[in-house]
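Thanks for coming. I will go through one structure today, a few residues and then the chain as a whole. Please have a look at it before I start.

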Amino acid sequence: MREKRYAVLTLFVLAPALGEVLGASLRLSYFGEPLRVLGIACFYGAGVVLIRELAQRWDINGWGLVLLGCAFALVEEGIALQTVFNPVGMDGTPVYGNALGVNWFWAVVVCGYHVVWSVLIPIAVVHLAFPASSRAPWLTRRSAAALSLVFACGTAIFLMVSLLRSDFRLPWLPGAATIAAVAVLIWASSKCVGRFARTGRMPSRRMLGLFGLAAGLGWFALFLVAFIGGPISFVWWTVGALLFAAAAALLVRRWIRRAWSPRHQLALCFGASMAGALFGLLLVAVDGHWANIGFQCAVLAAVVIGYAQLDRALRARTRR
C-alpha cells in the first residue's frame, strides 16, 4: 500500500515536470505566476494519474493509452486553453496552418507531444521505478473521486487563464465537436485490449536511446513549424507529421513484440526525454533570460542523473 502511495505521488509530480518543465513551457520565471503553476500541477498531475488508473482497470494495451493521451490533449488544448482553434494563440502569435477555424498542424503536433511527453513517458518511468505495483490499480474510489475534482479544477484554471489572456471565445459547434471527440477516444481506448507475445531480438539499448533522441528532435522540429511556417502547404506538413508519428509508433510496436526489457524501455524514454530537455534549452536560450537558461540546464542535468540512477537500480534488480 505504501509503494502505491509513493507511485501516485511520483507520477503526480513527474507528469507536469516532463510535460511542461522539460520543454520549457513552465520556466523558472513563470513560477511567479501561482495560478499557472497550480493549474499545471492539478491538470497534469491528476489527469495522468487518472489515465493510468483507467488503463489498469480496463486492462488496455499501449494503443489504448495513446488514445487516452489524445483525449487528454484535446481537453487541454481544445476545450480549456483553446489553442487548437484560436488563430493567434494565447500570446497573440499567429499560428501557421489555420483553416475552417482549426489550427490543423498545431493540433497534430501538440497532441503528439502530450501523448508522448505528458502521458506515456511519465507512466513508463514510474512503472519502472515501482515494478511491484505496476500491474495493479492504485486508487480507491474515494481517491479517484478526489483526483477527478483536482483535474476539474486544473481544467477550470486553464480555461480561466485562456479567457483572461485572449479575446478568443470558442464557438459552441467546435466546442461540442471536441467534447464528442474526447468521448469517442475514451470509448475507443476501452476496446484496445490484448497483449503481444514477445519474441525476436531487440536492438541495443544505445540504439533505442538514439532513436528516442532523433525521433523526439524530429517531432520538436515539426513543433516549431506550427509557428514558423514554411514554403510547403500546411496540408503536406500535417500529412508528413502524421506519417512520421505512424512510422515511429510502428517501430516501437515492433520492438514491444520482442524481448522488451525494462532497461530497453528506459533507454527509449531517456532518449526522448533528452530531446525534450534540449528543445527546452533551445527555447530559453533564444529568449535570453539567464535565470531561465540556468534553470533549464539544471533540469537537463536532473534528467541525466535521474535516468542514470534508475538504470543502475534496474541493472541491480536483474542481477538478483
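Glutamine 56 lies in helix α2. This is a predicted model, and that holds for everything I say from here on. If we set aside neighbours within four places in sequence, glutamine 56 is in contact with His127, Ser134, Arg135, Ala136 and Pro137. Now compare the position of glutamine 56 with that of proline 34. They are 22 residues apart in sequence, and their C-alpha atoms are 33 Å apart in space. Helix α2 covers residues 34-58.

Next, helix α1, which covers residues 2-21. Valine 13 has its place in helix α1. Is valine 13 buried or partly exposed? Its relative accessible area is 49%, so valine 13 is partly exposed; the cut-off for exposed is over 50%. Along the chain, valine 13 is 28 residues from alanine 41, and the C-alpha atoms of the two are separated by 7.5 Å.

Between α1 and α2 there is a loop, and alanine 24 sits in that loop. Its phi is near 65°, a positive value in a residue other than glycine. Alanine 24 counts as buried because its relative accessibility is 2%.

There is a second case of this kind. Glutamine 82 is not a glycine, yet its phi is positive, at about 65°. Where is glutamine 82 placed? It is in the loop between α3, residues 62-80, and β1, residues 98-99. Glutamine 82 has a relative accessible area of 4%, so it is buried.

Isoleucine 79 is found in helix α3. With 25% relative accessibility, isoleucine 79 counts as partly exposed, since buried means under 20%. Leaving aside neighbours within four places in sequence, isoleucine 79 is in contact with Leu74, Leu159, Thr178 and Ile179. Alanine 226 is 147 residues from isoleucine 79 along the chain, and their C-alpha atoms are separated by 19 Å.

One of those partners, threonine 178, is worth looking at from its own side. Threonine 178 is placed in helix α6, which runs over residues 172-190. Which residues does threonine 178 touch, not counting those up to four places away in sequence? They are Leu74, Gly78, Ile79 and Phe85. Threonine 178 has 6% relative accessibility and therefore counts as buried.

Apart from neighbours within four places in sequence, alanine 277 is in contact with Leu22 and Leu300. Tryptophan 138 is 139 residues from alanine 277 in sequence, and the C-alpha to C-alpha distance between them is 29 Å.

On to the cysteines. A disulfide is a covalent bond between the sulfur atoms of two cysteines. How many disulfides does a search of the whole structure find? The search finds zero. Cysteine 42 is in no disulfide, and the nearest cysteine sulfur, that of cysteine 153, is 6.3 Å away. Cysteine 42 counts as buried because its relative accessibility is 12%. For cysteine 70, the closest cysteine sulfur belongs to cysteine 111, at 5.5 Å.

Last, the chain as a whole. The chain has ten helices and two strands. Read along the sequence, the pattern is α-α-α-β-β-α-α-α-α-α-α-α. The C-alpha trace spans about 60 × 45 × 40 Å along its principal axes. For 320 residues, a compact globule would have a radius of gyration near 20 Å, and the chain has 19 Å, which agrees.

Of the 320 residues, 46% are buried. If we take contacts between residues at least 6 apart in sequence, 83% of them join residues at least 24 apart. The chain exposes about 15,700 Å², with carbon and sulfur atoms supplying 70% of that area. As for charge, there are 28 positive and 11 negative side chains, and the centres of the two sets lie 17 Å apart.

That is the end of the tour.

Notes
Residues are numbered from 1 along each chain as its sequence is written. This is a predicted model: local features need pLDDT of at least 70, side-chain atom pairs count only at pLDDT 80 or more; totals for chains, interfaces and linings use all residues. Side-chain values use heavy atoms; hydrogens and water are left out. Helices (H or I, at least four residues) and strands (E, at least two) are DSSP runs, numbered from the N terminus. The radius of gyration is taken over C-alpha atoms; the globule rule is 2.2 Å times the number of residues to the power 0.38. Buried means under 20% relative accessible area, exposed over 50%, partly exposed in between (1.4 Å probe, protein chains only). Contact means heavy atoms within 4.5 Å. Accessible areas come from the Shrake-Rupley method with a 1.4 Å probe; for residues, only the protein chains shown count as cover. Lys and Arg count as positive and Asp and Glu as negative; His and the chain ends are not counted. The place of a charge is taken as NZ of Lys, CZ of Arg, CG of Asp or CD of Glu. A disulfide is a pair of cysteine sulfur atoms within 2.5 Å.
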